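Keep the viewer open as you read.

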Amino acid sequence: MSAVDAPAPGARKPYALPLAGSPFELRTTVDPEPSPPHPAGEWGHVHSIFPGSTVDGPGVRMVIFLSGCHFRCHYCHNPDTWKIGSGQRVGIDEMLKTIEGYAKFLRSAHGGITISGGEPLVQSDFVMSIARGAKRMGLSVALDTNGIMGDRLSDADLNDIDLVLLDIKESDPARHLALTQQPLEPVLDFARRLDRLHRPVWIRFVLVPGLTDSDDTLHGMRRIIDGLSNVQRIDILPFHQMGKFKWKELGLDYRLADTPTPTPQQVNHARVILCEGKQLS
Ligand code: SF4
């Protein structure tokens, strides 16, 4: 999940490539056609593209939101990305042409692309086609992932990813399962593998009052982070309600309707536990 919201549904407009009109918000419509068989990585399902993020990796980045996610995080602000096979089918040539249109700007802004979702590794072949195409343009590539399908990427694949934004949702296995409906262990396996391979990682953690802000969870997160030597940065993302309307539009049961945004004091408390005394590069 990116730190920026995937462009919302609502006033949907057709997804047109190359990009036209506003450079800041490009939406897809849901493609009703069933997906035909296709060569791996030749095309994928794209929810939307946001070309101007400053919070999803270094510099200014084009964030590509791919469709599909197996997690069901209670606080998800992009539940419209969950459905596998939703979004616009986009060919790799078309996708790379879109990126190329921004490549000069992204390079000059010391940025690159960030592939997010949803969970991008649902479409791991397409992720790697995009990543290798962007690398050929001299762009840095970040992958924003919940990590559960990290074993879909080979070590060679990971060499073509410059930075992994690893979203760790909870440090306690039972609470992780309750929060996301998926187990924690494969996420930690991926984190440890990235460490063994010396791949740079930013840890992302969503702080939700009453859900993920207990000292037990926070100290557990710290132990996980302390067990890794490749963490360059820790982002604590304060929960917000900006995705609330999407749950309503999708007819989903939203359990956090009355949950407040954490106070600056709560965020600082979490920051002290997760980050204090750490030497981050
Ligand atoms: S991992 Fe969680 S927060 Fe991210 S898209 Fe999936 S359900 Fe939403």
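Predicted model: local features only at pLDDT ≥ 70, side-chain atom pairs only at ≥ 80, totals over all residues.

Residues are numbered from 1 along each chain as its sequence is written.

First, the big picture. The protein has 8 helices and 9 strands. A residue is called buried if 20 or more other C-beta atoms lie within 10 Å of its own, exposed if 12 or fewer do, and partly exposed in between, with C-beta atoms placed from the backbone. On that count, 44% of the 281 residues are buried. Two residues are in contact if their C-beta atoms, again placed from the backbone, lie within 7 Å. Looking at contacts between residues at least 6 apart in sequence, 76% join residues at least 24 apart.

Now for a pair of strands. Strands pair if DSSP finds at least two bridges between them; β2 (residues 43-53) and β4 (residues 88-91) do so in the antiparallel sense, over 4 bridges. One of the links runs from Val46 to its bridge partner Gln88 in β4.

On to helix packing. Two packed helices are described by the angle between their axes and the distance between the axes. Axes are lines fitted to C-alpha atoms, for helices over the stretch in contact, and angles run from 0 to 180 degrees between N-to-C directions. Helix α1 (residues 92-108) packs on helix α2 (residues 124-136) at an angle of about 40°, the axes being 10 Å apart. That makes the two oblique, because angles under 35 degrees count as roughly parallel, over 145 as roughly antiparallel, 65 to 115 as roughly perpendicular and the rest as oblique. In the contact, Ile92, Met95, Leu96 and Ile99 of α1 meet Ser129, Ile130, Gly133 and Ala134 of α2.

Leu218, His219, Met221, Arg222 and Ile225 in α6 meet Ala270, Ile273 and Leu274 in α8. Zoom in on Arg222: this residue is buried, with 20 other C-beta atoms within 10 Å. Leaving out residues up to four places away in sequence, Arg222 touches Ile273 and Leu274. The C-alpha atoms of Arg222 and Glu276 are separated by 9.7 Å, though the two residues are 54 apart along the chain.

Most residues other than glycine have a negative phi, and most peptide bonds are trans. Gly117 and Gly118, however, are joined by a cis peptide bond with omega about 15°, and Gly118 lies in the loop between β5 (112-116) and α2. His110, not a glycine, has a positive phi of about 55°; look for His110 in the loop between α1 and β5. His198 also has a positive phi, about 60°, and sits in the loop between α5 (185-196) and β8 (201-207).

Are these two histidines buried or exposed? His110 is exposed, with 11 other C-beta atoms within 10 Å, and His198 counts as exposed with 9 such neighbours.
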